[in-house]
Amino acid sequence: MAIFLKCRSIHGKNISLRRVRVEDAGFILSLRLSPIKSRYISSTSSDLCLQETWIQESLLKDNEILFIIESREGKKLGCIRMYDSNSESYTWGSWLMVDGLSPGVAI
């Protein structure tokens, strides 16, 4: 199993990815509890403390990394996770975005 190089942030033309912090738990939970989005993802508890604990545990793992997706101005747009890494690939998933964004925001 390969491990991820855990950089603090990655900057693109339109967005930045920064490593998730425990204080992002409320934002992530709001995305996960969205009535529309939650139809397509694993169910989760509305308990903020459980979300914070999940983030804390995730930060300790070598084989996954969570990012907050931000605009160039630092506005939180969503979250994404990289996991199941090996020497040649990884899985890119758990992608949730706030409502109303242009489809091109991720480019």
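Q: In what order do the 5 strands of the open sheet lie, and what is the sense of their pairing?

A: In this predicted model, the order is S1-S2-S3-S4-S5, and the pairing is antiparallel. On average, neighbouring strands of this sheet are turned by 20° against each other, direction ignored.

Q: What makes S1 and S5 edge strands?

A: Strand S1 (9-11) and strand S5 each pair on one side only, and they are the edge strands.

Q: How do you know that S1 and S2 pair?

A: Two strands count as paired if there are at least two bridges between them. S1 and S2 have 3 bridges, in the antiparallel sense, and therefore they meet the requirement of at least two. One detail of this pairing is that His11 stands opposite Ser16 in S2. A hairpin of 3 residues joins S1 to S2.

Q: What joins S2 to S3?

A: The two strands run antiparallel and are joined by 5 bridges. Ser16 stands opposite Glu70 in S3, and Ile15 has Ser71 as its bridge partner in S3.

Q: Why is S3 called largely enclosed by the rest of the structure?

A: A residue is buried when its relative accessible area is under 20%. In S3, 8 of the 8 residues are buried, so the strand is largely enclosed by the rest of the structure. Glu64, Leu66, Ile68 and Glu70 point one way from S3, while Ile65, Phe67, Ile69 and Ser71 point the other way, and all are buried.

Q: What makes strand S2 mostly covered?

A: Strand S2 (residues 15-19) has 5 residues, and 4 of them are buried.

Q: Why is Val20 counted as buried?

A: The relative accessibility of Val20 is 4%. The cut-off for a buried residue is under 20%, and therefore Val20 counts as buried. Val20 lies in the loop between S2 and H1. Leaving aside its neighbours within four places in sequence, Val20 is in contact with Ile28, Ile55, Leu59, Leu66, Phe67 and Ile68. Val20 and Ile55 are 35 residues apart along the chain, and their C-alpha atoms are separated by 7.7 Å.

Q: What makes helix H1 mostly covered?

A: Of the 8 residues of H1, 6 are buried. These are Ala25, Phe27, Ile28, Leu29, Leu31 and Arg32. Their cover includes H2, strand S3 (64-71), strand S4 (76-83) and strand S5 (91-97). H1 lies across S3, S4 and S5, and runs at about 90° to S4.

Q: How do you know that Leu31 is buried or exposed?

A: Leu31 is found in helix H1. Its relative accessibility is 5%; since a buried residue has under 20%, Leu31 counts as buried. Not counting residues up to four places away in sequence, Leu31 touches Lys37, Gly78, Cys79, Leu96, Met97 and Val98. Leu31 and Met97 are 66 residues apart in sequence, but 7.2 Å apart in space, C-alpha to C-alpha.

Q: Why are H1 and H2 called roughly perpendicular to each other?

A: Helix H1 (residues 25-32) and helix H2 (residues 48-59) pack at an angle of about 110°, and their axes are 9 Å apart. Angles from 65 to 115 degrees count as roughly perpendicular, and therefore H1 and H2 are roughly perpendicular to each other. Their crossing is right-handed. The contact is made by Ala25, Gly26, Ile28, Leu29 and Arg32 of H1 with Leu48, Gln51, Glu52 and Ile55 of H2. These residues divide into 5 nonpolar, 2 polar and 2 charged.

Q: Why does Gln51 count as buried?

A: Gln51 lies in helix H2 and has 5% relative accessibility. Buried means under 20%, and therefore Gln51 counts as buried. Leaving aside its neighbours within four places in sequence, Gln51 is in contact with Ala25, Ile28, Leu29, Arg32 and Thr44.

How values were computed: Residues numbered from 1 in each chain as written. Predicted model: local features only at pLDDT ≥ 70, side-chain atom pairs only at ≥ 80, totals over all residues. Heavy atoms only, no water. Axes fitted to C-alpha atoms, helices over the stretch in contact; angles between N-to-C directions. Parallel < 35°, antiparallel > 145°, perpendicular 65-115°, else oblique. Left-handed = near helix turned anticlockwise from the far one by under 90°. Contact = heavy atoms within 4.5 Å. Nonpolar A, V, L, I, M, F, W, Y, C, P; charged D, E, K, R; others polar. Buried < 20%, exposed > 50% of the residue type's maximum accessible area, 1.4 Å probe, protein only.
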